[in-house]
Amino acid sequence: MNPNDTDIWKAFRNGDEAAFEQLLVRYYRAMFDYGLRFQPDEEQLRDDLHDLMITLWERRAHLNETSNLKFYLFKALRNQILKGKRSQRLFVDHEGVAEAELHSPESPLPDFAEVEATQRQTAQIQQVIAKLSRRQQEILHLKFFEELSNEQIAELLQISRAATANLLYTALRSFKDIWRRKALLAISILLCS
């Protein structure tokens, strides 16, 4: 039986090195993908993640309990990256979006037409998302890729729930507007050819 997040976090805070490893195995990839929203330099992001994990380990006896370990780690990573950028007086735009998985491990032989369609749609979505502001990209990632609640997003971004809902609405509306313009442009090109 796999331990749940509460057990892992408790063991981590008590100095269990196996819990530290489990935490990394369970959340490193998700944290890395989330961190790309703020730090597109993958080398720097790895350093930020390393520094964060070392800090958490060194301060483990002073860490509080959490009801949502993933949210806690995301918030800690976000703070770590922003702290580093403030100290460097650097702010870098994010242009990349993590690639979506194209097929599940349960289907070892992918349907190539389906894979191609998924790749094409993923590329289109990434192009539209790249045209949004960084803040809009971040809230869409938190809501739809990380499945955080509006309350968790508000706490992570340090804004009110109302501001979160407004930002989410604005981001979705912008996404739809850009998507619609791209579709109209594609139809116009097809009609003119």
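Which residues of helix H7 (residues 150–157) are buried?

Tutor: Before we start, keep in mind that this is a predicted model, in which local features need pLDDT of at least 70 and side-chain atom pairs count only at pLDDT 80 or more, while totals for chains, interfaces and linings use all residues. Residues are numbered from 1 along each chain as its sequence is written, and side-chain values use heavy atoms, with hydrogens and water left out.

The buried residues of helix H7 are Gln152, Ile153, Ala154, Leu156 and Leu157. Here buried means under 20% relative accessible area, exposed means over 50%, and partly exposed lies in between (1.4 Å probe, protein chains only). Helices (H or I, at least four residues) and strands (E, at least two) are DSSP runs, numbered from the N terminus. After H7 comes Gln158, which has a positive phi, near 60°.

Setting aside neighbours within four places in sequence, Leu148 has contacts (heavy atoms within 4.5 Å) with Phe71, Leu142, Lys143, Ile153 and Leu156; Ile153 and Leu156 are among the buried residues of H7. Leu148 also lies 9.4 Å from Lys70, C-alpha to C-alpha, although 78 residues separate them in sequence.

Glu138 belongs to helix H6 (residues 134–145) and counts as buried, at 4% relative accessibility. Its side chain makes a polar contact of 2.8 Å with the side chain of Arg78. A polar contact is a pair of N or O atoms within 3.5 Å; within protein, one must be able to donate a hydrogen and the other to accept it, and residues adjacent in sequence count only if both atoms are side-chain atoms.

Let us now turn to the aromatic rings elsewhere. Rings of Phe, Tyr and Trp (its six-membered ring) pair if their centres lie within 6.5 Å, and planes under 30 degrees apart count as stacked, over 60 as edge-to-face and the rest as tilted. By this rule there are nine aromatic pairs. One of them is the stacked pair of Tyr28 and Phe32, with 6.2 Å centre to centre and 20° between the planes. These two are four residues apart in helix H2 (residues 17–35), so about one helical turn separates them. Tyr28 is partly exposed, at 33% relative accessibility, whereas Phe32 is buried, at 4%. Phe175 and Trp179 also form a stacked pair, at 5.9 Å centre to centre and 15° between the planes, and both lie in helix H8 (residues 161–192), four residues apart, about one turn of the helix. Phe175 counts as buried at 18% relative accessibility, while Trp179 is partly exposed at 31%.

To finish, step back to the whole protein, which has eight helices and zero strands. Buried residues make up 34% of its 193 residues. Among its contacts between residues at least 6 apart in sequence, 66% join residues at least 24 apart.
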